[in-house]
Amino acid sequence: MDKIVFRKPKLLNDTPFHYCPGCTHGIVHRLIAEALENLGEYDNVVGIAPVGCAVFAYNYFRCDMFQAAHGRAPSVATGIKRATPENTVFVYQGDGDLASIGMAEIVHAATRGENITVIFINNGIYGMTGGQMAPTTLQGQKTTTSPAGRDPLEHGNPIKICELLATLTGPAYIARTSVHDVRSVKATRDALEYGFAMQKNKRGFSLIEILSTCPTNFHMTPAQSLAYVKDVGCKAYPLGVYKDIGLQAEEKKA
């Protein structure tokens with residue numbers, strides 16, 4: 001008898017891939033579905049789609065999905081989670097959506113400790129609108145709006161979201177991972193599962209930042225863009241856990 005060794009997660013639809021060749025959004029979509037399925041979360045899942053390359057995320061996930069205005073996904077997720085706390089609510093945002101127009105929303109959702117899980121895709125550039133400089137664009141990185149490379153004196157420094165949010169009291173789990181190779185893909189799935197477990201255990205706000213690629217606006221092949229994330233991106237944005245209060249609450253001694 002043949003043994004099944006690989007199958008599509010139940011939370012993914014059969015949808016034609018609309019992302020650019022070599023884009024790693026598709027990998028992350030699968031990892032989210034796998035993480036939720038591993039935790040037994042299926043019928044009670046609600047996702048919030050962003051504005052940006054992942055604007056059509058609602059086509060990929062077989063769960064209830066809401067479309068939020070640009071940057072407002074954490075606010076929409078807050079309302080949904082508070083109104084239906086039995087649901088597992090996740091937010092999916094890119095760096096332009098979260099770290100620029102949505103900065104106020106993510107900071108305040110985090111400091112309130114909202115019991116939601118945020119997946120933050122950081123490819124260091126505005127992908128959908130033409131490759132402009134993003135808040136996370138690296139120093140010296142060339143974009144359509146910084147053709148000579150990002151200059152801190154002119155454009156400011158890249159924003160490091162994990163380091164920023166980890167200073168707040170509210171968050172329960174803050175981690176940065178990547179999807180540039182097999183080992184990092186597995187680590188990302190583990191981080192996502194842990195972030196969803198945090199929500200399931202009512203521990204509070206979780207954010208998993210995932211370093212991703214944009215071969216089209218990097219002007220690289222898919223293989224080159226993966227190497228760029230490994231050799232450049234991971235040095236500028238170190239991988240690791242920035243805050244973790246644990247899955248179980250500590251018992252207070254009398």
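## The largest pocket

By class, 8 nonpolar, 9 polar and 2 charged residues make up the lining of the largest pocket. Before going further, please keep in mind that this is a predicted model. The volume of this largest pocket is about 240 Å³. Its lining counts 19 residues, and those closest to the centre are Val51, Gly52, Cys53, Gly96 and Gly127.

Which elements give two or more residues to that lining? They are β3 (88–94) and α3 (95–101). Of these, α3 provides the largest share, with 3 residues.

## The second largest pocket

Let us turn to the next pocket. The second largest pocket holds about 190 Å³ of space. Its lining is made up of Phe6, Ile27, Arg30, Leu31, Glu34, Val182, Val185, Lys186 and Arg189. At least two of the lining residues come from α1 (25–38), and at least two come from α7 (182–200).

What classes of residue line this second largest pocket? There are 5 nonpolar and 4 charged residues, with no polar ones.

## Two residues with positive phi

Here are two backbone spots to look at on the model. Lys202 is not a glycine, yet its phi is positive, at about 60°. You will find Lys202 in the loop between α7 and β6 (206–211). Is Lys202 buried or exposed? Its relative accessibility is 71%, so Lys202 counts as exposed.

His219 is another residue other than glycine with a positive phi, in this case near 60°. The loop that holds His219 runs between α8 (215–218) and α9 (222–236). With a relative accessibility of 70%, His219 counts as exposed.

## Cysteines and disulfides

How many disulfides are there, if a pair of cysteine sulfur atoms must lie within 2.5 Å? The count comes to 0 disulfides.

Cys23 itself is buried, with a relative accessible area of 15%.

Cys234 gives a second example. The closest cysteine sulfur to that of Cys234 belongs to Cys162 and lies 12 Å away, so it is too far for a bond. Cys234 is buried as well, and its relative accessible area is 16%.

How values were computed
Residues numbered from 1 in each chain as written. Predicted model: local features only at pLDDT ≥ 70, side-chain atom pairs only at ≥ 80, totals over all residues. Heavy atoms only, no water. 1 Å grid on protein atoms, 1.4 Å probe; cavity = no way out; pocket = protein on both sides within 12 Å on 5 of 7 lines; lining within 4 Å. Points joined across faces, edges and corners; volume = space filled by probe spheres on them. Helix = DSSP H or I, 4+ residues; strand = E, 2+ residues; numbered from the N terminus. Nonpolar A, V, L, I, M, F, W, Y, C, P; charged D, E, K, R; others polar. Buried < 20%, exposed > 50% of the residue type's maximum accessible area, 1.4 Å probe, protein only. Disulfide = S-S within 2.5 Å.
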